[in-house]
Amino acid sequence: MSTKSFIVYLLSGFCFAVLYALFLVHNHQNPSFSLSSSSSSSTSSRYGSGTDKIWPELEPSWKLVLATVIGFFGSAFGTVGGVGGGGIFVPMLNLILGFDTKSAAALSKCMIMAASASSVWYNLRVAHPTKEVPILDYDLALLFQPMLMLGITVGVTLSVVFPFWLITILIIILFIGTSLRSFHKGIKMWKIESFVKNESVRRTALVDCHEESKTVQIDTQNEPLIPKQEKTTRQILCMNLKWKRILVLLVVWLSFLLIQIIKNEVEVCGVWYWVLFGLQFPVALLVFGFEAVKLYKDHKSRMGTGSIEYICEASIEWSARSLAFCAICGIIGGIVGGLLGSGGGFILGPLLLEIGVMPQIASATATFVMMFSSSLSVFEFYILKRFPIPYALYLMAVSILAGFWGQFFVRRLVAFLGRASVIVFILSVVIFASALTMGIVGIEKSITMMHNHEFIGFLGFCST
């Protein structure tokens with residue numbers, strides 16, 4: 001699946017789903033249908049309200065053991081792939097443990113935040129596989145983080161307006177497309193890695209043959225005069241930490257958090273509510289614009305000097321079109337995160353691979369960005385008292401262990417096999433598994449809603 005075919009697939013699928021939704025609502029929905037009874041029951045069952053929280057007790061049981069196992073492997077593989085795993089956590093918490101949908105989404109954010117933080121701590125102690133630069137690409141983090149956070153706030157709003165079945169269809173279309181695209185990317189990388197390995201074996205055999213004839217010629221053109229010294233863990237940690245860039249990311253994070261806290265205290269749909277909602281746009285656009293201009297100018301400068309070295313880890317030309325594409329994808333990733341209850345990694349992870357970032361760097365950077373986006377939601381859910389603290393602490397402890405050991409074992413596996421494409425295949429499998437679980441749960445709930453003659457159309461944000 002080429003890039004153009006993938007974009008056409010997504011646009012056509014989304015347009016068809018939305019148009020079908022409008023057609024269905026217009027032709028089959030009774031205008032006099034009251035929103036007060038059916039809509040309220042539909043909304044409460046889908047999102048939960050302040051009075052219908054379903055919080056099971058934290059006690060030993062086979063359900064808790066099964067959820068722990070699924071949560072552990074979901075966190076491990078989700079963070080390695082850079083997608084978080086929210087598409088697996090939400091159905092697990094809802095179907096196995098019995099949480100209501102909104103509480104399940106809140107707990108899913110807690111798990112993503114914990115696993116991401118654990119993975120980031122592990123990655124900070126790992127050197128870049130090929131260069132003397134941080135393993136976290138701070139340029140890409142500053143480019144995508146504000147757009148991702150902005151998209152999450154928009155996605156949360158749309159989750160109230162869009163019917164549940166439409167959200168399910170859109171997520172299935174998106175996840176299947178990104179999964180197939182990532183799998184195709186992994187196959188291409190596997191073939192390239194196989195070619196490089198075969199060439200390496202051939203050259204080794206050629207050198208051995210020359211050694212036997214005593215006519216070995218050593219090519220020192222690309223050999224360093226001074227052998228590369230191994231860095232200590234502390235040196236790697238200091239090199240990976242760029243405090244000025246981290247400070248900017250923290251300022252953006254605090255700005256969005258402050259806006260969300262104040263917005264929760266004002267009247268919904270009031271003047272101040274929309275003023276605060278609108279303030280998020282200049283904050284996000286300001287940081288994105290600053291980083292976009294920097295990348296654009298650096299790219300032009302290097303092109304003028306004839307340098308072929310890329311500015312950051314992405315192997316693309318930073319033109320106005322590519323920057324606009326990254327902004328749109330960042331917002332879409334955030335919207336998906338807001339609709340799904342994930343950290344937005346289901347878009348960011350495959351996108352970083354699409355623009356040419358190495359799998360190890362894409363995984364580390366996507367997880368780093370998800371740590372900020374998911375923690376923002378966790379703080380907001382905590383203020384709203386949307387999740388039980390004991391369960392959150394337990395699941396976060398499981399995710400912390402999973403995030404660390406998942407990175408440890410997969411990185412060892414990549415080093416042993418010499419194939420970074422393993423990370424891409426893990427990403428593809430996690431996204432496809434999320435499409436299956438979210439699709440099954442979504443279709444089952446949508447059929448139940450239709451069978452109970454509940455409202456299945458678009459809802460008014462202010463009326464709900």
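Tutor: Here is a walk through the cores, the voids and some helices of this predicted model.

Student: Start with the packing. How many residues does the largest nonpolar core have?
Tutor: The largest nonpolar core has 82 residues. Those with the most contacts inside it are Leu-143, Phe-144, Phe-175, Leu-352 and Phe-368.

Student: Which helix gives the most to this core?
Tutor: Helix α6, residues 138–161. Twelve residues of the core come from α6.

Student: What else lies apart from it?
Tutor: Another core, of 25 residues. Met-92, Met-370, Phe-381 and Tyr-391 are among them.

Student: Switching to voids. How many cavities of 30 Å³ or more are there?
Tutor: The count comes to one. The volume of the largest cavity is about 30 Å³.

Student: Which residues line the largest cavity?
Tutor: Its lining is made of Arg-181, Ser-182, Lys-185, Pro-350, Leu-353 and Glu-354. Helices α7 (164–212) and α12 (345–354) each supply at least two residues of that lining.

Student: How do the residues of that lining divide, in nonpolar, polar and charged?
Tutor: Two are nonpolar, one is polar and three are charged.

Student: Now the pockets. What volume does the second largest pocket have?
Tutor: About 800 Å³. It is lined by 34 residues. Val-126, Ala-127, His-128, Pro-129 and Gln-360 lie nearest its centre.

Student: Which elements give two or more residues to that lining?
Tutor: They are α7, α8 (233–240), α13 (359–383) and α14 (389–417). The largest share of the lining, six residues, is from α14.

Student: And by class, what does the lining of this pocket have?
Tutor: The second largest pocket has 17 nonpolar, six polar and eleven charged residues in its lining.

Student: You listed α13 there. Is α13 enclosed or exposed?
Tutor: Largely enclosed by the rest of the structure, because 22 of its 25 residues are buried. From its first C-alpha to its last, α13 reaches 36 Å, close to the 36 Å expected at 1.5 Å a residue.

Student: What follows α13?
Tutor: Lys-385 follows α13, and the phi of Lys-385 is positive, near 55°.

Student: Let's do α9. How many residues does α9 have, and how far does it reach?
Tutor: Helix α9 covers residues 243–263 and has 21 residues. Its reach is 30 Å from first C-alpha to last, close to the 30 Å expected at 1.5 Å a residue.

Student: Which residues of α9 are buried?
Tutor: Ile-246, Leu-249, Val-252, Trp-253, Phe-256, Leu-257, Ile-259, Gln-260 and Lys-263 are buried. Seen down the axis of α9, the buried residues fall within an arc of 160°, so they line one face of the helix.

Student: Which residues of α9 are exposed on the other side?
Tutor: Trp-243, Lys-244 and Leu-247 are exposed there.

Student: What about α15, how far does it reach?
Tutor: Helix α15, residues 421–451, has 31 residues and reaches 45 Å from its first C-alpha to its last. That is close to the 45 Å expected at 1.5 Å a residue. His-453 follows α15 with a positive phi, near 60°.

Student: Some single residues next. Where is Val-287, and is Val-287 buried or exposed?
Tutor: Val-287 is in helix α10. Val-287 is buried, because its relative accessible area is 15% and buried means under 20%. The C-alpha atoms of Val-287 and Met-147 are separated by 9.1 Å, though these residues are 140 residues apart along the chain.

Student: Where is Ala-292 found?
Tutor: Ala-292 is found in α10 too, which runs over residues 271–305. Ala-292 counts as buried, at 8% relative accessibility. Ala-292 and Ala-327 are 35 residues apart in sequence and 9.4 Å apart in space, C-alpha to C-alpha.

Student: And Val-275, what does it count as?
Tutor: Val-275 counts as partly exposed, at 38% relative accessibility. The place of Val-275 is also in α10. Between the C-alpha atoms of Val-275 and Lys-263 there are 9.1 Å, with the two residues twelve residues apart along the chain.

Student: Last one. Is Trp-62 buried or exposed?
Tutor: Trp-62 is exposed, with a relative accessible area of 62%. Trp-62 is found in helix α3, residues 62–81. Trp-62 and Leu-97 are 10.0 Å apart in space, C-alpha to C-alpha, and 35 residues apart in sequence.

Notes: Residues numbered from 1 in each chain as written. Predicted model: local features only at pLDDT ≥ 70, side-chain atom pairs only at ≥ 80, totals over all residues. Heavy atoms only, no water. Core = buried A, V, L, I, M, F, W, Y, C linked by side-chain atoms within 4.5 Å. Buried < 20%, exposed > 50% of the residue type's maximum accessible area, 1.4 Å probe, protein only. Helix = DSSP H or I, 4+ residues; strand = E, 2+ residues; numbered from the N terminus. 1 Å grid on protein atoms, 1.4 Å probe; cavity = no way out; pocket = protein on both sides within 12 Å on 5 of 7 lines; lining within 4 Å. Points joined across faces, edges and corners; volume = space filled by probe spheres on them. Nonpolar A, V, L, I, M, F, W, Y, C, P; charged D, E, K, R; others polar. Expected span 1.5 Å × (residues − 1). Arc of directions from axis to C-beta.
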